[in-house]
Every structure is written in structure tokens, then in C-alpha cells.
Amino acid sequence: QLQASGGGLVQAGGSLRLSCAASGRTASMYGMGWFRQAPGKEREFVAAISWNGGSTDYADSVKGRFTISRDNTNTVYLQMNSLNPGDTAVYYCAATVVTGGPRRVYEYDYWGQGTLVTVSS
């Protein structure tokens, strides 16, 4: 089970930190990812982290602005800086048995409920 939180309304240039708490006996062994879906658009990859935090991956659109991390409580974070209106979307965290943290939606097995991020200009 995944529980995402931390969304909200922020002005352009501001920051937000999303959290995703994962529960379950094997949660620490899952690769984790963040995706987002803007109105009228498909769900897209944002960032991913391997099961042990040893490797990360980012979409080009967020590289250098967003940082994904995880701690030993099975919580995954997405620190989002320098936000712009193009980042407005519902953000979803997801877990996969693929320990490396892939980019494709279909490779993820479990999904959180989504948290809305709105960036005003």
C-alpha cells in the first residue's frame, strides 16, 4: 500500500516536497517511482529510485530541479525546486518488483492515490 502526500499550491519558482509511505513486509525491496498526469495528458515518468537508493533516474524535464530519495522507513520523497506552471499535475508514486526503478508505467505493480501539485504563474 502506498500513501502519497505533500501536494499543494505554490508560486512559480517555489518548492514542494512530496512523500510516499510504503507499507508491507517487502516494501524495502521495491524500486520506486514518481509519475505525473496533467489534465488531458498521459501519465508520464518523473523520477525513479532503486530498491537500495543506489541509483536514480530522472526525466529530462525535471533533471536538475527534482530530487528523489528514500529512507529506511520505506518512505520515498520527491523534492521539487524551481517549479513552473508546466509541472502542474497529479503526482503518483508507484512501486515495482523491478528493483532498479524503471521508467514505464506498465512496469509498476502498485500505485498510490495521487497528490495534486498546482504551480501558479
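**Contacts and burial in a predicted model**

Q: Why is Asp 57 called partly exposed?
A: Asp 57 has a relative accessible area of 24%, and because buried means under 20%, exposed over 50% and partly exposed in between (1.4 Å probe, protein chains only), Asp 57 counts as partly exposed. The model is predicted, so local features need pLDDT of at least 70 and side-chain atom pairs count only at pLDDT 80 or more, while totals for chains, interfaces and linings use all residues. Residues are numbered from 1 along each chain as its sequence is written, and side-chain values use heavy atoms, with hydrogens and water left out.

Q: What makes Asp 57 and Arg 103 a salt bridge, and which parts does the pair tie together?
A: The N to O distance between the side chains of Asp 57 and Arg 103 is 2.6 Å, and the term requires a side-chain nitrogen of Lys or Arg within 4 Å of a carboxyl oxygen of Asp or Glu, so the pair qualifies. Asp 57 lies in strand β6 (residues 56-58) and Arg 103 in the loop between β9 and β10, so the contact ties together parts that are 46 residues apart in sequence. Strands here are DSSP runs (E, at least two residues), numbered from the N terminus.

Q: How do you know whether Arg 36 is buried or exposed, and which residue does Arg 36 form a salt bridge with?
A: Arg 36 has a relative accessibility of 6%, and therefore counts as buried. Its salt-bridge partner is Glu 44, with the closest N and O atoms 2.6 Å apart, and Glu 44 is partly exposed at 36%. Arg 36 and Glu 44 are also linked with Arg 65 and Asp 87 in a network of salt bridges.

Q: How many aromatic pairs are there, and why is the pair of Phe 35 and Tyr 108 called edge-to-face?
A: The count comes to five aromatic pairs. The ring centres of Phe 35 and Tyr 108 are 5.1 Å apart and the planes stand at 80 degrees, so the pair is edge-to-face: rings of Phe, Tyr and Trp (its six-membered ring) pair if their centres lie within 6.5 Å, with planes under 30 degrees apart counted as stacked, over 60 as edge-to-face and the rest as tilted.

Q: What makes Arg 43 a charge over the ring of Tyr 92?
A: The charged end of Arg 43 sits 3.7 Å from the centre of the Tyr 92 ring, and the term asks for NZ of Lys or CZ of Arg within 6 Å of the ring centre and within 35 degrees of the ring normal. The charged end of Arg 43 also sits over the ring of Trp 111, 4.9 Å from its centre.

Notes: Helices (H or I, at least four residues) and strands (E, at least two) are DSSP runs, numbered from the N terminus.
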